Amino acid sequence: MSLWWFITTLAITAFISNSPVYAYDNNPLQDICVAVNDSHASVFVNGKICKDPKLATADDFFFSGLNVSGNPATLFGFAATRVDVTTMPGLNTLGISIVRADLEPQGLVPFHTHLLATALITVLEGTVYAGFLVPDPANFFKSRLFSKILNPGDAFLIPQGLIRFVYNVEHKKATFLASFNSQNPEAIMIPSSILASEPPIMDDILAKGFQLNKSEIAELRKKFS
């Protein structure tokens, strides 16, 4: 079976499993709410628990390292450096975050989605091919592709909850920034979410769903293990 058929079916599966209702970050009700990890706290909020404002420092609102590329993921050839509520606690309740992505030559940020955020990507270096898929309301087995070739200085908007990808089309590295309207955009990487789930999805289901045989499913599992 063609691997392209597998990829197409994988994207369709993500479409029909997506909820039509999307979340977003609410406006804060206080000036600052620096996140603090407290596994013994008895109060849970939509986000993280707030540190006492009197204990907040400038470091809670600081991050260093966006000028440095991360270590690329070996399977797809991309690295991501996140500035979100986990790396900058002062972002808690403020509804923003940013990611630096570095792609090796022909590197790919594979099919994924951010259920909690819209993304605005801005290319800093290199040339990338970016796109997102919008479901066809008349036929959920089809979709419409919105895509652009982006060069340094170009920006591309990807609406919340839609499947998207970014591919480095050149033989040199590429870098872009992705800005989100959420403190935690929650990336869901579609191929690995399906093929490397714990516990694993039955081979019969994957083979039937993607029209592949079990040996092909086994080979794909090895790549994501």
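Modeller: What follows is a discussion of a predicted model.

Colleague: Let us begin with the annotation. Which residue does UniProt list for "binding site"?

Modeller: The unreviewed UniProt entry lists H114 under that heading.

Colleague: Where does H114 lie, and is H114 buried or exposed?

Modeller: H114 belongs to strand β3, which covers residues 108-114. Its relative accessible area is 7%, so H114 is buried.

Colleague: Which residues is H114 in contact with, leaving aside its neighbours within four places in sequence?

Modeller: The contacts of H114 are Q160, G161, R164, F180, P185, E186 and A187.

Colleague: R164 is on that list. Which residues does I158 touch, again not counting those up to four places away in sequence?

Modeller: I158 touches R164 as well as T118, A119 and F132. I158 itself sits in strand β7, residues 155-158, and is buried at 1% relative accessibility.

Colleague: How far apart are I158 and A178 in space, C-alpha to C-alpha?

Modeller: The C-alpha atoms of I158 and A178 are 9.8 Å apart, and the two residues are 20 residues apart in sequence.

Colleague: How many bridges join β2 to β9?

Modeller: There are 7 bridges between β9 and β2 (residues 97-103), and these two strands run antiparallel. Within that pairing, R100 has L177 of β9 as its bridge partner.

Colleague: And what is the sense of the pairing between β4 and β9?

Modeller: β4, residues 119-125, pairs with β9 in the antiparallel sense, over 6 bridges. There, I121 stands opposite A178 of β9.

Colleague: Let us change topic to helix α4. Which of its residues are buried?

Modeller: In α4, residues 214-224, the buried residues are I217, L220, R221 and F224. They lie on the same side of α4, because they cover an arc of only 105 degrees around the axis.

Colleague: What does the face of α4 turned away from the buried side carry?

Modeller: That face of α4 carries K222 and K223, which are exposed.

Colleague: R221 is among the buried residues of α4. Which residue does R221 meet in a salt bridge?

Modeller: R221 meets D203, with 3.0 Å from N to O. This pair links distant parts of the chain, as R221 is in helix α4 and D203 is in helix α3 (residues 203-210), 18 residues apart. At 18% relative accessibility R221 counts as buried, whereas D203 counts as partly exposed at 31%.

Colleague: How many salt bridges does the structure hold?

Modeller: The structure holds 9 salt bridges. Among them is the one between D60 and K51, whose closest N and O atoms are 3.2 Å apart. D60 is buried, at 8% relative accessibility. Another joins the side chains of R82 and D84, also with an N to O distance of 3.2 Å. R82 is partly exposed, with a relative accessible area of 44%, while D84 is buried at 3%.

Colleague: Finally, the aromatic residues. How many aromatic pairs are there?

Modeller: There are 6 aromatic pairs in the structure. In one of them, the rings of F76 and F224 have their centres 6.1 Å apart and their planes at 50 degrees, so the pair is tilted. Distant parts of the chain are linked here: F76 is in the loop between α1 and β1, F224 is in helix α4, and they are 148 residues apart. F76 is partly exposed at 22% relative accessibility, and F224 is buried at 17%.

Colleague: What is the geometry of the pair formed by Y129 and F165?

Modeller: Y129 and F165 form a tilted pair, 5.5 Å centre to centre with 55 degrees between the planes. Y129 is in strand β5 and F165 in strand β8, 36 residues apart. Y129 is partly exposed at 26%, and F165 is buried at 12% relative accessibility.

Colleague: Which residues form one aromatic cluster?

Modeller: That cluster is formed by F111, Y129 and F165.

Key:
Residues numbered from 1 in each chain as written. Predicted model: local features only at pLDDT ≥ 70, side-chain atom pairs only at ≥ 80, totals over all residues. Heavy atoms only, no water. UniProt positions renumbered as here; feature names shortened; annotations may be inferred. Helix = DSSP H or I, 4+ residues; strand = E, 2+ residues; numbered from the N terminus. Buried < 20%, exposed > 50% of the residue type's maximum accessible area, 1.4 Å probe, protein only. Contact = heavy atoms within 4.5 Å. Arc of directions from axis to C-beta. Pairing = 2+ DSSP bridges. Salt bridge = Lys/Arg side-chain N within 4 Å of Asp/Glu carboxyl O. Phe/Tyr/Trp six-rings, centres within 6.5 Å; stacked < 30°, edge-to-face > 60°.
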